[in-house]
Amino acid sequence: MMTRMFEHLQVMRATLQRLWSTPGSSLLNLLIIGIALSLPVGAYVLLKSVQQLAGRMVETPQISVFLEGNRREGELRTLQSRLEHHAGVARVEFVPRDAALKQLRDSNIADMIADLPQNPLPDTFIIHPKATDSHTLELLHGELQSWKQFDHVQLDSDWVRKLDALLGLGRLATAILAALLSLALITITFNTIRLQILTRRDEIEVSKLIGASDSFIRRPFLYFGLMQGLAGGLIAWLLVSANLWLLNGSLQELTRLYASDFRLHTLSLPDSLALLAFSGYLGWLGAWFSVSQHLWRIEPR
């Protein structure tokens, strides 16, 4: 057991020496891998940050019901009671038109409405639904729209669902980009290992002559692909982290003007480990394909 582990450590050390022996080409390959991986990872971080921002802004959807014209107090009480006894409604708030106008006059747009000849705002019911899933909300929204007493019914989380649809499209685009770039990285490793096999052809022939097993001959190339992938993933992590730090510095001034605390989230520990594991696996996979394709063709003469 110890002997086998020592053999693996020797192969890893030899692989590191091989990477270090050609710093120019190795650094170029690692930069290509790192930049390619940083694109989908950066898009993933951006989508995740925007999704968390949307979740903070609207935690519980509401339905705003605007009444048409002036309603008598008795009619308003009847409508409120009917809404409160609805099976899908948890709570109802009534906002009189005068109270809504007073809130506007106390806000930052008081100068804009100061010269209005009359109150343009309608009486409003703010409905808090019991269920918050999109299907149930749509059903309740459609039912309330059919009530003749209501002039307009607005589901306040409409924009969130639209944003979710856009985020879904963004996630699909990111997945496609990641798949295409993963294929490109496998191809890069495939060609790198192929060149190594060709340049070490004589060494491989001698190893086969003295009885070396296929797994022994294959091992250094697989370790090379694995370590090249891990190093590329580390570069991708550094690139993404550095760019997020720069962007958050620029966002800080912008969000301060809008009294917001929005910032792009950095890669978490699980995300970072997943990135390194995925990049290492891509490197190993490219090496395995290349070794399987070319190594069997080399036989002692």
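Visitor: What percentage of the 301 residues in the protein chain is buried?
Guide: This is a predicted model, in which local features need pLDDT of at least 70, side-chain atom pairs count only at pLDDT 80 or more, and totals for chains, interfaces and linings use all residues. Residues are numbered from 1 along each chain as its sequence is written, and side-chain values use heavy atoms, with hydrogens and water left out. Buried means under 20% relative accessible area with a 1.4 Å probe, protein chains only. Of the 301 residues, the buried share is 35%.

Visitor: Among contacts with a separation of 6 or more, what share comes from residues 24 or more positions apart?
Guide: A contact means heavy atoms within 4.5 Å. For the protein chain, that share is 83%.

Visitor: How many helices and strands are there in the protein chain?
Guide: Both are DSSP runs numbered from the N terminus: helices are H or I with at least four residues, strands E with at least two. From the N terminus, the order is α-α-β-α-β-α-α-β-α-β-α-α-α-α. The chain has 10 helices and 4 strands.

Visitor: Which element gives the most residues to the lining of the largest pocket?
Guide: A pocket is an open set of points on a 1 Å grid where a 1.4 Å probe fits, with protein on both sides within 12 Å along at least five of seven lines; lining residues have an atom within 4 Å of a point. The largest pocket has a volume of about 360 Å³, and the closest of its 18 lining residues to the centre are Pro40, Val41, Tyr44, Thr174 and Ala178. Two or more lining residues come from each of α2 (23-57), α7 (158-199) and α10 (269-294). The most, 7 residues, come from α2.

Conventions: Grid points are joined across faces, edges and corners, and a volume is the space filled by probe spheres set on the points. Buried means under 20% relative accessible area, exposed over 50%, partly exposed in between (1.4 Å probe, protein chains only).
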